[in-house]
Structures are given as structure tokens and as C-alpha cells.
Amino acid sequence: MQDLINDIAAAMAKAEQRGKVADYIPELGHVDPQQFAISLATVDGNVYSAGCATTPFSIQSISKVFTLTIALGQMGDSLWSKVGREPSGDPFNSIVQLEHESGKPRNPFINAGAIAVVDAIMMGHEPKETLGEILSFVRYVADDDCICFDPAVAASEMAHRDRNASLAHFMKAFGHLRHDVDKVLGTYFHQCAIAMSCEQLAHAGLFLASDGINKPSDMRVVAPQRARRINSLMMMCGHYDASGEFAFRVGLPGKSGVGGGILAIAPGHGSIAVWSPGLDSYGNSLLGTQALEMFVQRTGWSVF
Ligand code: DON
């Protein structure tokens, strides 16, 4: 397996088209687009990595997988009265469906849906308490207490929050947010500003590859049915209006972030994290997707 991971990193090092680094969050615009990393954590306890797999990067929307898991743990299926579970077919920051659908976001992975999920898990608490809970959960599933927020990225998002603020105020007007909009946004931006390496991220996703069991501690994080459902949402909605394309090319549940990371889950096999900061026109990592496509072609681990 290490040979395959090395082959993928070598192929990506030769790529001429590397996509465009997100700059609508100015702090992310400074990241070197030449970087590439891949890490595979298997359910039997092995880790295979290549490239800069211990370099932390901004996980951005990949964090939405963790907040969704926390929210389902807190309130179970009643979460679905606040956020839907259908693909949107629209860009991650789109507002159009909110108007037609009474301010209820289509799914927990578009920005509006993730903001609604954060509002749900705040439960009347201050942002610091909610952020403490999010960070504890991520550190637990990654089995690494060194994972932190990048305050410069969070501040950059807060300073350029107009688009997300519009989504949040629009939802609030329909009665879908309970808390103060700026407190919800501040919490959401910090969640997105969690910095993790591919090795940490692959480890953190492993519970979704092993029917809800955290490896190697063998502690249950979620029930098997919940792990399957989170995976199904990642498959249908994890790449926004390119989710169909990702399912077609890769065939694994996956969640992307504008920091250039993708977490992909191969149920029963392992969790794969890739990172390359250059994005395609949908806001998903260009080389990260190519790397996962190559990985699945060679392993046959597609769920189809
Ligand atoms: O709210 C935002 O726009 C970012 N914090 C997260 C967006 C994101 O990662 C979309 N994913 N590809």
C-alpha cells in the first residue's frame, strides 16, 4: 500500500494544472499551491502517508462532518427539522434555495446548513463553550490533543463575512436560528479554521470507515446506522454542486474544504485524507480529487 501512496504523490508532483487557491478568505490566499499530501489510515491500524502529510492546513468545510456528528449525538433525528438532507445542486455559499424553502437549508454541508447546525449545537451556550466541545471531539477522534484553531484564518473569515452573514440573517428572519447571528458566525468561522494535517484528518475519519468505532481505541463514537447515514450525506452533498461528479469519478463518501483538503471514507477499509490547496471551479481540491480517483482505480475501494 505504501508503494501506491508514493506513486500517487509522485504523479501529483508532476501535475501542471494545480487549480487556484481560495482567496475570498484572504488568509487562505497566502498558502503555497505546490504542496500535496495524502494519508491513508486503515481499519486494521496502519497509516500510509506521502508528501507533506504532517503539515497542518485549514480544514474548512471538512469540519462540517464533525459538527454534524456532534449535533446528531445531541439531538438525534430532531436535527432534521432544522436542516434537510437532500443534495442542493448549488454552490456551497448559495442563498437561492433558502428563499424558496422557508429559510431551511437543504443539507448540513452547504454553508447555510452548517451555520444552522452550529446554531443547533450552541444550545444557549457562549461560543467559547461550543468551540471547546467541537475541539474536544475532533481531538478525541483524531487521538491528538495538539489540534487547534488558526486564529488568523478565523479572523480573516470574520472580517470578510458578508456572504455568510447574509445566509445567517436570512435564516434568522425565518426563525431558523436561535442565537445571535455574530455569535453563531464566530463559532462557525472558528470551526472552519481548525488546522489539521492529513495524518490527523485520516485518523479522525476512521470511525466512519469502521461502523462508528474509533480506532485504535475501539471506543464507539456513533452507532453503525449513524455512520452509514453520515457517509451517505457525504456522498450526496459533500462536494456541493460537484457531488455527482465526485461520486462518478471517485465513488466514495467525501467532504471537501476550500483549504484544499478532502476527507474520503472507504467503509470497511479506511479513511483517506488528501490536501492540495489549488481548487477547481466548484471550490474542491483539483489534485486532491485526481489523487483519490487514482487511489480508487488502483485499490478498487469504490462503494459501487
Ligand atoms: O464559510 C466558508 O465559506 C468557509 N469557511 C467554508 C467553505 C468551504 O470550505 C466550502 N468547501 N469546499
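Biologist: Which residue has a side-chain N or O atom that lies 3.1 Å from an oxygen atom of the ligand?
Modeller: This is a predicted model, in which local features need pLDDT of at least 70 and side-chain atom pairs count only at pLDDT 80 or more, while totals for chains, interfaces and linings use all residues. Residues are numbered from 1 along each chain as its sequence is written, and side-chain values use heavy atoms, with hydrogens and water left out. A polar contact is a pair of N or O atoms within 3.5 Å; within protein, one must be able to donate a hydrogen and the other to accept it, and residues adjacent in sequence count only if both atoms are side-chain atoms. The side chain at 3.1 Å from the ligand oxygen is that of Asn 111.

Biologist: At what distance is a nitrogen atom of the ligand from an N or O atom in the side chain of Glu 157?
Modeller: Glu 157 is one of the residues that come nearest to the ligand, together with Tyr 24, Gln 60, Ser 61 and Tyr 188, where a residue is near a molecule or strand if one of its heavy atoms lies within 4 Å of it. A ligand nitrogen also lies 3.2 Å from a polar backbone atom of Gly 283. For the side chain of Glu 157, the distance from a ligand nitrogen is 2.7 Å.

Biologist: Is Gln 60 buried or exposed?
Modeller: Gln 60 lies in the loop between strand 4 (57-58) and helix 2 (63-75), where helices (H or I, at least four residues) and strands (E, at least two) are DSSP runs numbered from the N terminus. Its phi is near 45 degrees, a positive value in a residue other than glycine. Buried means under 20% relative accessible area, exposed over 50%, and partly exposed in between (1.4 Å probe, protein chains only). Because the relative accessible area of Gln 60 is 2%, this residue is buried.

Biologist: With which residue does the side chain of Ser 39 make a polar contact of 2.8 Å?
Modeller: Ser 39 is in strand 2 (residues 37-42), and it counts as buried because its relative accessibility is 0%. Leaving aside neighbours within four places in sequence, Ser 39 is in contact (heavy atoms within 4.5 Å) with residues including Val 47, Cys 198, Glu 199 and Ile 272. The side chain that meets that of Ser 39 at 2.8 Å belongs to Ser 49.

Biologist: What distance separates the C-alpha atoms of Gln 17 and Leu 286?
Modeller: Gln 17 is found in the loop between helix 1 and strand 1 (20-21), and it counts as exposed because its relative accessibility is 60%. Not counting residues up to four places away in sequence, Gln 17 touches Leu 286 and Leu 287. Although Gln 17 and Leu 286 are 269 residues apart along the chain, their C-alpha atoms are separated by 8.3 Å.
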